[in-house]
Structure formats: C-alpha cells, structure tokens
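Subject: Structure handover and what was found in it

Dear colleague,

I am passing on the structure below, together with an account of what was found in it.

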Amino acid sequence: MSALWQPRSTCGPACLPATARRARASRVRQAARLVALLGALLLGVTLLPVLPLLNGHGRRVAARTWARAVLGALGVRLVARGRSPAGRALLVANHISWLDIVALMAAAPVRMVAKHDVRRWPVIGALAAAGGTIFIDRTRPRSLPATVAQVAAALRAGGVVAAFPEGTTWCGASAGRFRPAMFQAALDAGATVVPVSIGYGRGATTAAFLGDDSLWTSLRRVLAVPRLEVTLTATPALHPEAVATRRQLARVAETAVRGGVSQFGLAA
C-alpha cells in the first residue's frame with residue numbers, strides 16, 4: 001500500500017536520545033506553558049463564531065495569529081527563511097510533528113491539507129475546519145482524487161495550500177519519499193510548487209510525533225523541553241511547466257527539501 005496511506009511515524013520512544021530524555025524544563029515552567037496554552041485555546045474558542053463572517057484571507061490571517069499564540073505559549077521559537085509565496089502556490093514540506101502544521105500557519109496565511117483525525121482534536125479541529133483546512137482520509141484511498149481536485153480548486157482560486165507529501169511523520173533525521181499525488185493539483189492548476197524544509201535542530205526527536213503517541217503524550221514532551229526552535233526554510237519556487245510529470249516534480253521537490261534540511265542541520 002502506498003506510503004500516502006501509512007499510519008504516522010513508526011518510530012518509538014527509543015528514537016529519543018538519552019540527553020533529550022533527561023533534559024527537562026522546571027515544573028513551574030511547564031505549568032506556566034500549559035496555562036498559556038489554555039489561554040491560546042480559549043482565544044481559539046472566541047474566534048470560532050467570528051471566522052464564518054470573514055473572507056478566506058481573513059480566516060487565514062486569524063488562524064495565523066492564533067498559531068503564533070500557540071507557539072508563544074509553548075515557548076517554541078519560529079525562524080522563517082526564504083520568501084513566502086503571495087498566492088497560487090503549493091507548499092510541500094517534510095513532516096516531523098503536529099507542530100509542523102502550527103508553524104506553517106504561523107509563518108504565512110496558508111490553507112492546510114491535514115489528516116481527517118485532526119478534525120476530531122478539541123478546539124484545534126474546529127479551528128482547522130473553520131480556517132479552510134482540506135482534510136484527507138488516508139484510510140480511504142479512493143477519496144484521494146477528490147482531495148486532489150479540492151486542492152487544485154483552491155490553487156486556481158489564488159490560494160496557498162500546504163501539504164506533506166510523505167503522508168506521515170518521521171522521526172529525527174529519518175525521511176520518507178515524496179508521493180506524487182498532491183503534485184498533480186499544482187499541475188492541474190498551473191500553480192508553482194514551493195519546497196519547504198522543516199527542522200527542530202537538536203529538538204527534532206523530542207518534537208517528533210512518535211509511533212502510537214497520543215496528542216497529549218506528545219504535548220507533554222513539548223511542554224517539558226527546555227528550549228525548542230522550529231525553522232522553516234523555503235527554497236526557490238518550482239514551475240510545473242519545467243517538469244514533465246508529477247513524479248518528476250515530486251522528486252525535484254524532495255531533493256530541494258532534503259538539501260535545505262542538510263544545509264542547515266535542521267533534522268540532526
């Protein structure tokens with residue numbers, strides 16, 4: 001079965017180096033972060049009735065503000081390198097953690113492609129749906145063409161859509177192949193493709209969404225890390241007309257993303 005339909009990372013707690021397991025923020029700091037996060041979630045709840053009244057751009061700006069509040073509450077520093085596209089672009093990135101989604105939303109007004117499980121997450125799921133997230137059900141491969149068509153429609157309308165072509169999260173320096181399906185949306189819409197490298201420096205394995213982790217288990221690990229920085233590195237845009245097929249486009253984008261990760265040591 002295609003990796004697009006794999007469960008998330010098969011890595012387990014053994015992925016965590018001993019130093020990552022030992023280094024912990026104080027209980028006071030962890031508690032303060034949790035309180036701040038609850039405040040950010042409360043902000044999200046207050047946004048829910050407002051979002052339907054906004055246009056698409058307004059909803060994504062509101063989501064960006066909320067995402068930045070979440071990162072700030074967790075003590076996660078965001079570093080963005082490269083130029084964000086103004087519109088009609090498919091962002092494709094490597095996938096390490098659920099924090100990847102929050103970081104991309106915080107960096108630029110984007111419409112995310114996320115697994116359907118996210119829709120059920122408290123507050124986050126409702127905000128994602130209200131913000132225009134396109135949900136993909138990896139348990140139903142036959143639904144993939146409809147999802148690709150939905151992404152293509154969003155791109156034709158001038159939107160910026162972000163997706164994870166690996167189809168699952170990977171632990172630390174591990175990586176999966178970029179599956180070509182979502183690249184068809186860019187070809188169909190005549191949109192550019194912007195490869196984005198995501199990394200957490202030495203905190204990569206701590207941030208990773210591991211094996212059968214629940215969201216709460218992963219969140220507790222993030223709350224406990226003394227310092228966490230997520231870096232997004234956008235490489236030059238790819239133009240579909242310069243690539244013959246979606247498979248070739250996927251390979252070129254994957255190479256660009258891996259190069260960004262290696263250049264800055266983001267997944268070390």
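Strand β2 (residues 89-93) is mostly covered, as five of its five residues are buried, where buried means under 20% relative accessible area, exposed means over 50%, and partly exposed lies in between, with a 1.4 Å probe and protein chains only. Ala89, Leu91 and Ala93 point one way from β2, while Leu90 and Val92 point the other way, and all are buried.

Before going further, please note that this is a predicted model, in which local features need pLDDT of at least 70 and side-chain atom pairs count only at pLDDT 80 or more, while totals for chains, interfaces and linings use all residues. Residues are numbered from 1 along each chain as its sequence is written, and side-chain values use heavy atoms, with hydrogens and water left out.

The protein chain holds ten helices and seven strands; these are DSSP runs numbered from the N terminus, with helices being H or I of at least four residues and strands being E of at least two. Of the 268 residues in the protein chain, 53% are buried. Among contacts between residues at least 6 apart in sequence, 80% join residues at least 24 apart, a contact being heavy atoms within 4.5 Å.

The sheet

The seven strands of an open sheet follow the order β1-β7-β6-β2-β5-β3-β4, with mixed pairing, and two strands are taken to pair if DSSP finds at least two bridges between them. Its edge strands are β1 and β4 (134-136), each of which pairs on one side only. From one strand to the next, the twist averages 25°.

Helix α6 (residues 144-156) packs on the sheet, where it touches β2, β3 (111-115), β4 and β5 (160-163), and its direction makes about 160° with that of β4; such angles run from 0 to 180 degrees between N-to-C directions, and axes are lines fitted to C-alpha atoms, for helices over the stretch in contact.

Returning to β2, this strand pairs with β6 (residues 192-199) in the parallel sense over five bridges, and with β5 in the parallel sense over four bridges. Valine 92 stands opposite proline 195 in β6 and opposite alanine 163 in β5, whereas the bridge partner of leucine 90 in β6 is valine 193.

The helices

Helix α2 (residues 27-47) packs with α3 (56-74) and with α9 (residues 215-224), and the two cases are taken in turn. With α3, the angle is about 165° and the axes are 8 Å apart, which makes α2 roughly antiparallel to α3; here angles under 35 degrees count as roughly parallel, over 145 as roughly antiparallel, 65 to 115 as roughly perpendicular and the rest as oblique. The crossing of α2 past α3 is left-handed, meaning that the near helix is turned anticlockwise from the far one by less than a right angle, while clockwise would be right-handed. On the α2 side the residues are Arg33, Ala36, Leu37, Ala40, Leu41, Leu43, Gly44 and Leu47, and they meet Ala62, Trp66, Ala69, Val70, Ala73 and Leu74 in α3. By class, this contact has twelve nonpolar, one polar and one charged residues, with Ala, Val, Leu, Ile, Met, Phe, Trp, Tyr, Cys and Pro counted as nonpolar, Asp, Glu, Lys and Arg as charged, and the others, Gly among them, as polar.

With α9, the angle is about 125° and the axes are 9 Å apart, which makes α2 oblique to α9. In this case the crossing is right-handed, and the contact is made by Gln30, Arg33, Leu34 and Leu37 of α2 and Leu219, Val222, Leu223 and Ala224 of α9. Those residues divide into six nonpolar, one polar and one charged.

The buried residues of α9 are Ser218, Leu219, Arg221, Val222, Leu223 and Ala224, and they pack against α2, α3, β1 (76-81), α4 (99-107), α8 (204-207) and β7 (228-234). Helix α4 is itself mostly covered, with nine of its nine residues buried.

A loop residue

Finally, glycine 131 lies in the loop between α5 (124-130) and β4, and counts as buried because its relative accessibility is 11%. Its C-alpha atom is separated by 9.3 Å from that of histidine 57, although the two residues are 74 residues apart along the chain.

With best wishes
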